[in-house]
Amino acid sequence: MEGFNPSRIEARLGEPITLRLVNKEDQFHTDGGGWHQFAIDELGVDVEVPPLTTKEFTFTPSESGTFGFYCSVCCGGKENPYMWGTLVVQG
Ligand SMILES: [Cu+2]
């Protein structure tokens with residue numbers, strides 16, 4: 001619920017990028033049961049991370065540009081000003 005760290009990620013078009021998502025929330029967290037999500041609509045990325053879990057995943061950006069990523073499990077979803085970040089894809 002502190003937001004994403006880092007909140008800005010850079011990648012290159014067509015090159016795989018691996019992200020490690022660390023969810024520090026436990027299951028007693030009132031909002032969303034401690035789950036968090038990492039989603040980028042435009043790139044078809046949608047990863048959910050269980051409470052107190054670290055999840056690594058790799059994806060390859062298929063478009064260049066600047067995209068917002070967010071969590072919509074908790075905290076007001078896309079409207080939450082903290083659970084937001086930016087992925088910049090160059091290439
Ligand atoms: Cu969240």
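Strands, labelled E, are DSSP runs of at least two residues, numbered from the N terminus. The exercises below concern a predicted model.

**Exercise 1.** Describe the surroundings of Gln37, beginning with the strand that holds Gln37 and going on to its polar contacts.

Solution. Start with the strand: Gln37 belongs to E3, which covers residues 36–40. Next, consider accessibility: the relative accessible area of Gln37 is 6%, and because buried means under 20%, Gln37 counts as buried. Then turn to the polar atoms, where the side chain of Gln37 makes a polar contact of 2.9 Å with the side chain of Asp46, while a polar atom of the Gln37 side chain also lies 2.7 Å from the backbone nitrogen of Ser72. Finally, look beyond the neighbours within four places in sequence, where the contacts of Gln37 include Phe4, Val47, Tyr70 and Cys71.

**Exercise 2.** Classify the aromatic pair of Phe57 and Phe59, and then that of Tyr70 and Trp84.

Solution. A pair of aromatic rings is described by the distance of the centres and the angle of the planes. The structure holds six such pairs. In one of them, Phe57 and Phe59 have their centres 5.7 Å apart and their planes at 15 degrees, which makes the pair stacked, and both residues are buried. For Tyr70 and Trp84, the centres are 6.1 Å apart and the angle between the planes is 45 degrees, so this pair is tilted. Tyr70 lies in strand E6 and Trp84 in strand E7, so the pair ties together parts that are 14 residues apart in sequence. Tyr70 is buried at 9% relative accessible area, whereas Trp84, at 34%, is partly exposed.

Technical notes
Residues numbered from 1 in each chain as written. Predicted model: local features only at pLDDT ≥ 70, side-chain atom pairs only at ≥ 80, totals over all residues. Heavy atoms only, no water. Phe/Tyr/Trp six-rings, centres within 6.5 Å; stacked < 30°, edge-to-face > 60°. Buried < 20%, exposed > 50% of the residue type's maximum accessible area, 1.4 Å probe, protein only. Helix = DSSP H or I, 4+ residues; strand = E, 2+ residues; numbered from the N terminus. Polar contact = N/O pair within 3.5 Å; in protein donor to acceptor, adjacent residues only side chain to side chain. Contact = heavy atoms within 4.5 Å.
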